[in-house]
Amino acid sequence: MTKERVIQIMKENNILPEAGFGQNFLCDEDIIHGIIEAADIRPGDTVLEIGPGIGALTEPLSKMDINLKCIEIDKRLVSYLKGAYPDVEIIDSDFLKLKDYGAEKVDVVISNLPYYIMTDIMMKVFEEAVNARRIVYMVEEAALDRILCESSTKSYGPLAVVSELYGNISIVSKVPGTCFVPQPRTTSAVIRFICHENRPDKELIAFIKKCFMQRRKTLSNNLKGCDKEKLNKWVKDNFIVESIRAEAMEPTDFRDLYNALK
Ligand code: SAM
C-alpha cells in the first residue's frame with residue numbers, strides 16, 4: 001500500500017483519520033513486507049489482525065491461504081473493509097471488549113497497534129491467544145522501553161515481565177514517521193515474539209499484575225491473603241532481605257514464587 005493509494009482510499013470513502021482511535025495508516029511497502037515476513041505465516045494458519053484500518057496489512061494477508069480474522073473498532077473502516085475484502089472475516093468490535101473470537105485457535109497475531117491502548121491489547125493477547133506461535137506488533141519506539149527493560153528500572157512492570165516470559169522478542173525494524181498517513185511525530189518499531197511453549201497463563205499473569213499493584217509497597221504488602229509463611233520462606237531463600245519489591249525481581253522469579261505459593 002503506497003501513500004498515494006492510502007490517500008485515494010481515504011478520499012473515495014470519505015475517511016478522515018480519527019486521532020482518538022490512533023489512526024496512522026501504514027504506507028510503506030518494505031515495512032509491510034517485513035511485518036508479514038516476520039510473522040512466518042504457514043498455509044492453514046489462523047491469523048488475527050487487530051485494527052486493520054484501511055487494509056495495509058489486510059491486503060497482502062487476504063491473498064494468503066489462511067483463515068484471517070480482522071477486528072476493527074471504527075465502523076467507517078469496517079464498512080470499507082467488508083466491501084474491499086468480502087472473503088475476510090471482519091469483526092466490527094472494540095478488541096478490548098471482544099469475547100468468543102476463537103482466541104485459542106489463533107496461530108499468529110499481527111497489529112500495527114493503536115498506541116493509546118498498546119499495553120491493554122498486548123496483555124489481552126498474552127492472556128487469550130494461548131497457542132499463538134508468532135506475534136508481530138508495530139509500537140511506538142518510545143514504548144520499547146516498557147517492553148524490553150531490565151528489572152529495577154522505572155519502566156519495569158507487568159508488561160516487561162510477561163513479555164520476557166512469553167517469548168523471544170526481537171526488533172525487526174525501526175519505522176520513521178514518513179511511513180504513515182498522517183505522519184506521527186514519533187518513530188515506531190516493529191517487534192516480534194517467537195512464543196515459548198511454556199508461557200504464562202491467565203492466572204500467572206494476574207499474579208504478576210498483583211505483585212506490582214502498588215509499586216512502592218513490598219511484595220508482602222501487595223500479596224495480602226497469600227500464605228505468608230511460604231512467601232517469607234521464598235523471599236528469604238532467594239533475596240535474604242524481607243522487604244523485597246516486585247521491581248527488584250527477575251521475570252523468572254515471578255513464576256518461581258507463583259509455583260512456591262501454590
Ligand atoms: N493496520 C492499519 C495500518 O497498518 O495502516 C491501521 C493501523 S492504526 C495505527 C490502528 C487501527 O486500530 C485503526 O484502524 C483503529 O481504528 C484501530 N483501533 C483502535 N482502537 C481499537 C480497538 N479498541 N479495537 C479494534 N481496533 C481498534
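Modeller: What follows is a set of questions and answers on rings, ligand and selected residues.

Modeller: This is a predicted model: local features need pLDDT of at least 70, side-chain atom pairs count only at pLDDT 80 or more, and totals for chains, interfaces and linings use all residues. Residues are numbered from 1 along each chain as its sequence is written, and side-chain values use heavy atoms, with hydrogens and water left out.

Biologist: How many aromatic pairs are there?

Modeller: Rings of Phe, Tyr and Trp (its six-membered ring) pair if their centres lie within 6.5 Å; planes under 30 degrees apart count as stacked, over 60 as edge-to-face and the rest as tilted. By this rule the count is 8 aromatic pairs.

Biologist: Which type of pair do Phe-95 and Tyr-101 form?

Modeller: Their centres are 5.6 Å apart. The planes make an angle of 70 degrees, and the pair is edge-to-face.

Biologist: Is Phe-95 buried or exposed?

Modeller: Buried means under 20% relative accessible area, exposed over 50%, partly exposed in between (1.4 Å probe, protein chains only). Tyr-101 has 5% and is buried. Phe-95 has a relative accessible area of 4%, so Phe-95 is buried.

Biologist: Why is the pair of Phe-207 and Tyr-258 tilted?

Modeller: The ring centres of Phe-207 and Tyr-258 are 5.4 Å apart. Their planes stand at 50 degrees, so the pair is tilted.

Biologist: Which helices does this pair link?

Modeller: Helices (H or I, at least four residues) and strands (E, at least two) are DSSP runs, numbered from the N terminus. Phe-207 and Tyr-258 are 51 residues apart, so the pair links distant parts of the chain. Phe-207 is buried at 11% relative accessibility, and Tyr-258 is buried at 17%. The elements are helix 8 (residues 202-211) for Phe-207 and helix 11 (residues 251-261) for Tyr-258.

Biologist: Which residue lies over the face of Phe-95?

Modeller: A charge sits over a ring if NZ of Lys or CZ of Arg is within 6 Å of the ring centre and within 35 degrees of the ring normal. Here the distance from the ring centre is 5.1 Å, and the residue is Lys-124.

Biologist: Which residues come nearest to the ligand?

Modeller: A residue is near a molecule or strand if one of its heavy atoms lies within 4 Å of it. There are 24 residues around the ligand. The nearest are Leu-26, Gly-51, Glu-72, Asp-94 and Asn-112.

Biologist: How far is a polar side-chain atom of Asn-112 from an oxygen atom of the ligand?

Modeller: A polar contact is a pair of N or O atoms within 3.5 Å; within protein, one must be able to donate a hydrogen and the other to accept it, and residues adjacent in sequence count only if both atoms are side-chain atoms. The side chain of Gln-23 has an N or O atom 2.9 Å from a ligand oxygen. A ligand nitrogen is 3.5 Å from an N or O atom in the side chain of Glu-49. For Asn-112 and a ligand oxygen, the distance is 2.8 Å.

Biologist: What share of the ligand area does the protein bury?

Modeller: Accessible areas come from the Shrake-Rupley method with a 1.4 Å probe; for residues, only the protein chains shown count as cover. Taken alone, the ligand exposes 590 Å². The protein buries 99%.

Biologist: Where does Asn-112 lie?

Modeller: Asn-112 is buried at 15% relative accessibility. Contact means heavy atoms within 4.5 Å. Leaving aside neighbours within four places in sequence, Asn-112 is in contact with residues including Asn-24, Leu-26 and Phe-180. Its element is strand 5 (residues 108-112).

Biologist: Which side chain joins that of Arg-146 in a polar contact of 3.3 Å?

Modeller: Arg-146 is found in helix 6 (residues 144-148). At 38% relative accessibility, Arg-146 is partly exposed. Not counting residues up to four places away in sequence, Arg-146 touches Met-118, Thr-119, Ser-155, Leu-159 and Ala-160. The polar partner is Thr-119.

Biologist: Which backbone oxygen lies 3.2 Å from a polar side-chain atom of Lys-69?

Modeller: Lys-69 is found in strand 3 (residues 67-72). With a relative accessible area of 13%, Lys-69 is buried. The backbone oxygen belongs to Tyr-101.

Biologist: Which peptide bond is cis, with omega near -10 degrees?

Modeller: Pro-182 lies in the loop between strand 8 (180-181) and strand 9 (188-195). The cis bond runs from Val-181 to Pro-182.
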